[in-house]
Amino acid sequence: MSKIDNLIIVMNVTIKEALNRLESGGQGILLLVDAGGRLLRTVTDGDLRRLILGGSALDDTLHQLPSLLPKTASAETDPIAALELMNQHQIDQLPVIDASGRPCELWLRRDIDTRILLSTPHLGEWEMGFVEEAFRTNWVAPLGPNVDAFEKELAAYVGIGHAAALSSGTAALHLALRLLDVGPGDMVFCSTFTFVASANPILYQGARPVFIDSEPNTWNMSLQALERAFHDAQRTGRLPKAVVVVNLYGQSADMAPIMALCEHYGVPVVEDAAESLGATYQGKHSGTFGHFGVYSFNGNKIITTSGGGMLVSEDGALIEKARFLATQARDNAPWYQHSEVGYNYRMSNVLAGIGRGQLKVLEDRVAARRRVFQHYMEGLGHIPAIKWMPEANYGRATRWLSVCTLESEHTEITPAQLIAKLTKKSIEARHVWKPLHMQPLFSGCDYYPHEEGAEFSGHAFATGVCLPSGSNMTPEQQERIVTALSRML
C-alpha cells in the first residue's frame, strides 16, 4: 500500500492547486477530508476537469465539488479483497480508512494486479557505470578490462585463487569435465534433483551419468546413496571419472563428508553452485570445495549478467587452460592455428561490466531473498499443509528460491492445482526440478535412491512448489502471495 500524506487535501484548496498536487503525487487521486481529517470523497483529474467545463475557474476552491460517498477499505482488507472491490466499482485506487473514518493508506491496482514473476533480474546503481565504460573505450567484444576485473573480484569474494568468466554456467560445467579428462565411455556421478544443465555436459563428453538422490535434511546429494554408488563401482572395478554435486535452490550440500568420500576413492568433485552463489558452508563460500566450482549468472539467478557463468578453482594452470579452450583453443602462433577442439565460451566485456555491478550488491540481494522467505514463514507458518525446504545448520542458504512441499494429509490440493490457481491471480509459481533419472533423455541411466526402496527427490517433485522469490519484490506483492496461499490452503 502507498502512503497518503501528500494526497490529502481540504475544501479551501483551489482547483489549480489540486491539479498540481495530482501531477506531483503520481497516484491519480487526491483524498478530500473535513476539518477532523475524515474522508469526504476522492478527487481525480476527471472530477476537476468536469468542474472547469462546468464554468468553475482555476482559482475557485473545491467547495464546488458535489458530495460523493467514497469507496473505501479497512485496515483488515487484504490485497485480494481490495482488488475485488476495485473490479466491482471499476476503480484503480482504494483508500484505506481507520475506525474514525480518516484515510491512512491507499491500495493501488498497479501494486496488486500486476503479474508477480518467480525470480526477475534486479539491477542497481553500479552496473551502468561499468557498461558505459565499456562503450566509451569500445571494449564491447569478448574479453576486456571488465572481464579481467570480474574474474578477480568474484574470486576474491568467494575466497578462491582463480576464475574464468564464461558465456554460461553450462559452459563452465562442460569445461570442468573436459579438463578432468572425462570422455566417451566414462561414468560420472551426478545429483539427480537439479536442472538438466547439470548433466547435459556429461553427454557432451560422450560419458554416462549415474544419478544420486538427495536427502531430506538439505535436499542435496545423499551421502548414503553416494556411498552405495561408490561401493558398487569399486566392486565392478570401474570408478567414476568425476562427481558433480549440485547445491540446490541456494543451499550448499553437506560438502565435508562428500569430499572425504570422494577423496577416499580418488575421484575429483565438480561443485555445481549455479544456484548458490552467496551461500556458505562451515564458514567457506559455496562453490569452493571441489576441484572446480561453477556459478551461473542467468537472468533468474541471485545476480545476473543476463547470461553468463564462472568457472573457479585453486588450480591456476587449469583455469588458464579453460580460458584457452573457451576462446576456440587458438594456439600461440602468428596465424590462426588450432591443435585441439575449442569452444566459443568467453563472456563479453559488456556483460562482465553488468556482473561487476551486480557483485557489489550480492550481500544485499541475499539478505532480501532471505527476508522474502521469512515473510512467507511468518505469514504461512501456521498452515499445516505447507512444509518448507529446511536450512541446514552448517551454513547460510541464500533462499535463491523459496520452496515448499504440500502435505497431502492436510490438503487435497496438488502442486499443479495450486500453481494453476496462483496463475489465475497473476502470481507465477513453478514445480520443483523434475529429477533427472525421471527424464526421458536419461532413461536407462543408473540411479541410487537415498535409501533402498525409498527415494527423496521423486517425493519432492510430486509435492514441491517454488514461490516467487525475487529480491525486488515489494512488501505488497509478498503480502498478496501470502493472502492468496492462506485462502487456498
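Visitor: What share of the residues in the chain is buried?
Guide: In this predicted model, buried residues account for 55% of the 489 residues in the chain.

Visitor: And how many helices and strands does the chain have?
Guide: The chain has 16 helices and 19 strands, and its C-alpha trace spans about 95 × 65 × 35 Å along the principal axes.

Visitor: Of the contacts between residues at least 6 apart in sequence, what part joins residues at least 24 apart?
Guide: Among those contacts in the chain, 69% join residues that are at least 24 apart.

Visitor: Let's go to the helices. At what angle do α14 and α16 pack?
Guide: Helix α14, which covers residues 415–424, packs against helix α16, residues 475–488, at an angle of about 130°, and their axes are 11 Å apart. That angle makes α14 oblique to α16, and α14 passes α16 in a right-handed crossing.

Visitor: Which residues make that contact?
Guide: From α14 the contact uses Leu 418, Lys 421 and Leu 422, while α16 brings Ala 484, Leu 485 and Met 488. Sorted by class, the residues in the contact of α14 with α16 are five nonpolar, no polar and one charged.

Visitor: What about α13 and α16, how far apart are their axes?
Guide: The axes of helix α13 (residues 362–380) and α16 are 10 Å apart, and the two helices pack at an angle of about 35°. The crossing of α13 and α16 is right-handed.

Visitor: Which residues of α13 and α16 meet there?
Guide: On the α13 side they are Arg 371, Val 372, His 375, Tyr 376, Gly 379 and Leu 380, and these meet Pro 475, Gln 478, Glu 479, Ile 481, Val 482, Leu 485 and Ser 486 of α16. By class, this contact of α13 with α16 has seven nonpolar, four polar and two charged residues. Leu 485 of α16 is listed in the contact with α13, and Leu 485 is also listed in the contact with α14.

Visitor: New topic: how many disulfides are there?
Guide: The count comes to zero disulfides. Cys 404 is in no disulfide, and the nearest cysteine sulfur to that of Cys 404 belongs to Cys 466, 8.4 Å away.

Visitor: Now the loops. Where does Ala 57 lie?
Guide: Ala 57 lies in the loop between α2 (45–53) and α3 (79–89), and with a relative accessible area of 38% Ala 57 is partly exposed. Ala 57 and Leu 85 are 28 residues apart along the chain, and their C-alpha atoms are separated by 34 Å.

Visitor: What is phi of Gln 90?
Guide: Phi of Gln 90 is near 55°, which is a positive value in a residue other than glycine. Gln 90 lies in the loop between α3 and β4 (93–97), and Gln 90 is exposed, with a relative accessible area of 74%.

Visitor: And phi of Ala 329?
Guide: For Ala 329 phi is near 50°, a positive value in a residue other than glycine. Ala 329 lies in the loop between α11 (316–326) and α12 (349–360), and at 0% relative accessibility Ala 329 counts as buried.

Methods. Residues numbered from 1 in each chain as written. Predicted model: local features only at pLDDT ≥ 70, side-chain atom pairs only at ≥ 80, totals over all residues. Heavy atoms only, no water. Axes fitted to C-alpha atoms, helices over the stretch in contact; angles between N-to-C directions. Helix = DSSP H or I, 4+ residues; strand = E, 2+ residues; numbered from the N terminus. Parallel < 35°, antiparallel > 145°, perpendicular 65-115°, else oblique. Left-handed = near helix turned anticlockwise from the far one by under 90°. Contact = heavy atoms within 4.5 Å. Nonpolar A, V, L, I, M, F, W, Y, C, P; charged D, E, K, R; others polar. Disulfide = S-S within 2.5 Å. Buried < 20%, exposed > 50% of the residue type's maximum accessible area, 1.4 Å probe, protein only.
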